[in-house]
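Dear colleague,

Here is the structure for your files. My notes follow below it.

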Amino acid sequence: MVSRKEWDRLAKDFEREVCDITRETKTDIIARLVKSLPLSPEKSVLVDLGCGLGTFIARHGGVFRESIGVEHAPRIIARAKKNLGRRKDVTWLTSSLPPAARKIGRRADLAVCMNVITMPGAKTRERMWAAIAAVTRKGGHALIAVPSIESDRMVERIAYGATRAEAIAAAPDGLVDRGGAKQKHFAREELNDLLARHGFRTKTLKRITYPWQKEGLRKPRNAGTYMPWDWLVLAERS
Ligand SMILES: C[S@@+](CC[C@H](N)C(=O)[O-])C[C@H]1O[C@@H](n2cnc3c(N)ncnc32)[C@H](O)[C@@H]1O
């Protein structure tokens with residue numbers, strides 16, 4: 001698991017070392033999902049849990065009255081603050097998600113959590129899902145991105161020639177080795193179940209594809225139109 005200290009060490013090279021989905025997604029899918037929500041610049045509240053450099057708030061914060069960025073790595077949040085200058089509509093919390101959620105309370109019209117819930121420990125992840133639920137008001141939405149285990153299995157088959165059974169056996173619990181650290185990858189159904197258990201109804205679940213190079217590979221000759229992907233979920237708090 002990547003610790004807070006290790007995240008902090010990545011602050012300087014964040015753009016090179018870390019996937020910032022808001023910046024790297026080539027389509028306008030995120031903007032379209034945000035636009036589909038009933039938001040008001042006079043009333044609505046955005047909470048970005050694990051906000052990294054604050055890219056989501058920078059791009060989409062304008063349609064909210066207030067934005068709150070939560071990030072546990074002090075050097076990363078320092079960069080986010082610097083990036084967004086002196087915006088009076090943004091509050092920053094240097095904190096892990098569960099205590100921040102208790103502080104914020106159930107106020108978010110949109111809670112965003114992009115590529116944060118990847119830790120290998122099931123109990124730790126459970127606290128992160130609970131934190132998303134704890135900040136999202138009834139009728140509000142959560143926009144969540146997580147790595148896809150189906151994508152990882154596709155890569156195993158296409159790039160490494162694994163059979164379907166071998167690809168499943170490589171990470172039956174979704175824990176994939178990424179540079180020596182285990183990273184949780186989620187299956188579509190698992191995500192739906194998790195969200196339902198935390199009081200959300202999945203409205204949209206989409207793939208956001210990324211280049212093969214991000215897997216450390218050249219596009220395999222047999223890849224055709226296949227590209228690796230993360231899951232992007234929009235869910236409503238019921
Ligand atoms: C892969 S980055 C994604 C950043 C941002 N959401 C984005 O899409 O660019 C994951 C971020 O979550 C933060 N993070 C990881 N675990 C956290 C936790 N328990 N509490 C708060 N922040 C956390 C990391 O420091 C890092 O900035």
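Which residue forms a salt bridge with D89? R87 does, with the closest N and O atoms 2.9 Å apart. By salt bridge I mean a side-chain nitrogen of Lys or Arg within 4 Å of a carboxyl oxygen of Asp or Glu.

Some ground rules. This is a predicted model, where local features need pLDDT of at least 70, side-chain atom pairs count only at pLDDT 80 or more, and totals for chains, interfaces and linings use all residues. Residues are numbered from 1 along each chain as its sequence is written, and side-chain values use heavy atoms, with hydrogens and water left out.

**Salt bridges**
The structure holds 18. D89 is partly exposed at 22% relative accessible area, and R87 is partly exposed at 29%. R16 pairs with E17 at 3.3 Å between the closest N and O atoms. R16 is exposed at 60%; E17 is partly exposed at 45%. (Buried is under 20% relative accessible area, exposed over 50%, partly exposed in between, with a 1.4 Å probe and protein chains only.) E236 bridges to R201, closest N and O atoms 3.0 Å apart.

**Ligand**
The ligand is surrounded by 21 residues (a heavy atom within 4 Å), and G50, E71, H72, S96 and M114 are the closest. That shell divides into 13 nonpolar, 6 polar and 2 charged residues. A backbone N or O atom of G50 lies 2.7 Å from a ligand nitrogen. For M114, a backbone N or O atom lies 2.9 Å from a ligand nitrogen. D20 places a polar side-chain atom 3.3 Å from a ligand oxygen.

Best regards

Notes: Polar contact = N/O pair within 3.5 Å; in protein donor to acceptor, adjacent residues only side chain to side chain. Nonpolar A, V, L, I, M, F, W, Y, C, P; charged D, E, K, R; others polar.
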